[in-house]
Amino acid sequence: MSRRVVGVVMNGVTGRMGYRQHLVRSILAIRAEGGLALGDGDVLWPEPILVGRSEYKLRELAERHGLEHWTTSLKEALAHPLAEVYFDSQVTSAREEAIRAAIAAGKHVYTEKPTAESLEGALELARLARDAGVRNGAVQDKLFLPGLIKLKRLVDGGFFGRILSVRGEFGYWVFEGDWQTSQRPSWNYRAEDGGGVILDMFPHWRYVLDTVIAPVRSVYAHATTHIPERYDEKGRPYPATADDAAYGIFELEGGITAQINSSWAVRVDRGELVEFQVDGTEGSAVAGLRHCRIQHRTTTPKPVWNPDLRTTEDFRSQWQEVPDNEEFDNGFKVQWELFLRHVATGSAYPWDLLEGAKGVQLAELGLRSAQEGRRLDVPALEL
């Protein structure tokens, strides 16, 4: 058995998501397991090369985890003799320029979404990667969550019969930052910095709907800023210029209607922070991050509307839990393993930058729909 070292330039891992999910729970977790077995006796060993703006944060992070390579210079990181892969989890506004530099340096590219601030920019990155012959991928983590894996199995197994509709609820209350610290960075609420719930979440809904249910064919969205003023990391008030809630209706192939609400100004009264209910002629399911419950037509109750009487039925108890049937690993880690294996062996990997561009396309159309107050078709994308 031989070990192949692959240097992974990781840009933006001093941020919450980049640090917790991509560095600690993915790359370092793979190393803790002895590397990634490639199936031919070889083991791939990812070697992080950290890059970011803060020398203090990078040094502290490297010392905490015993990492050797870090720099505040992207050029220096890309020129590192071990560097083969570039990963980006920066703020959206800085992503496109850095990915362009990585492609120009001949590095394989893996990136958080949205892949760019505009569809034009996202498609250009996909073209550049194709023309340079570098392998590329976009994070589509929710496809690897236990709840959505179970939901996909139900769809593929024909459980629903003819699917009629999808209803999704995502969100939670993000504190304004004055009397309680905000759970999200302030740039998320400034449009000029690439913030906004549509740009953040519609790329997710695109790949979830396309992959699990059916391709998206049109979108109608209403966006709003419920909280007009928030407080930044230094406690200073600032105007929230980005949308913090979006209410979308999507028409899917086959006449399926999907309605998904996304909000950072809503309090949670459901089992998980995101849930999707799928209704079909033969059955229904409610899937979250980890759980999935079903109700078949043969066990569907017959409620009767009578506002004069107290409801005595416990409707939630009438659903059946879908079993795990396997051990589920961290979704971010699973996709990292697939991408690294793709880089090392050329194995199939469908979630490339063109797929990432589809998410940017839906976000762009969603924002335009909200501005114009009308339904917009979602055309097919080609490079």
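Author: A salt bridge is here a side-chain nitrogen of Lys or Arg within 4 Å of a carboxyl oxygen of Asp or Glu. On that criterion the structure, which is a predicted model, holds 29 salt bridges.

One of these joins Glu 326 to Arg 153, with the closest N and O atoms 2.2 Å apart. The pair links distant parts of the chain, since Glu 326 belongs to the loop between strand 17 (320–321) and helix 8 (331–345), Arg 153 belongs to helix 6, and 173 residues separate them. Glu 326 counts as partly exposed because its relative accessibility is 39%, and Arg 153 is partly exposed as well, at 37%. Elsewhere in helix 6 (residues 146–156), the buried residues include Leu 148, Leu 151 and Lys 150. Among the elements that cover the buried residues of this helix are strand 8, helix 7 (197–213) and strand 14.

Asp 193 forms a salt bridge with Arg 190, at 2.7 Å between the closest N and O atoms. Arg 190 is buried, with a relative accessible area of 18%, whereas Asp 193 is partly exposed at 25%. In helix 9 (residues 353–372), Lys 358 and Glu 355 lie three residues apart, about one turn of the helix, and their side chains meet in a salt bridge of 2.9 Å, N to O. Glu 33, Asp 329, Lys 333 and Glu 337 are linked in a network of salt bridges.

Two charged residues are buried without such a partner. Arg 270 lies in the loop between strand 13 (256–263) and strand 14 (274–280). For Arg 270, the nearest side chain of opposite charge is that of Glu 169, 4.5 Å away, and there is no salt bridge because the cut-off is 4 Å. The side chain of Arg 270 does reach backbone oxygens: that of Gly 171 lies 2.6 Å from one of its polar atoms, and that of Leu 273 is at 3.0 Å. Beyond its sequence neighbours within four places, Arg 270 is in contact with residues including Phe 170, Glu 275 and Arg 316.

Glu 272 is placed in the loop between strand 13 and strand 14. Glu 272 is likewise buried and has no salt bridge, the nearest side chain of opposite charge, Arg 290, being 6.6 Å away. The backbone nitrogen of Arg 290, however, lies 3.1 Å from a polar atom of the Glu 272 side chain. Leaving aside neighbours within four places in sequence, Glu 272 is in contact with Gly 288, Leu 289, Arg 290 and His 291.

Conventions. Residues numbered from 1 in each chain as written. Predicted model: local features only at pLDDT ≥ 70, side-chain atom pairs only at ≥ 80, totals over all residues. Heavy atoms only, no water. Helix = DSSP H or I, 4+ residues; strand = E, 2+ residues; numbered from the N terminus. Buried < 20%, exposed > 50% of the residue type's maximum accessible area, 1.4 Å probe, protein only. Lys, Arg positive; Asp, Glu negative; His and termini not counted. Polar contact = N/O pair within 3.5 Å; in protein donor to acceptor, adjacent residues only side chain to side chain. Contact = heavy atoms within 4.5 Å.
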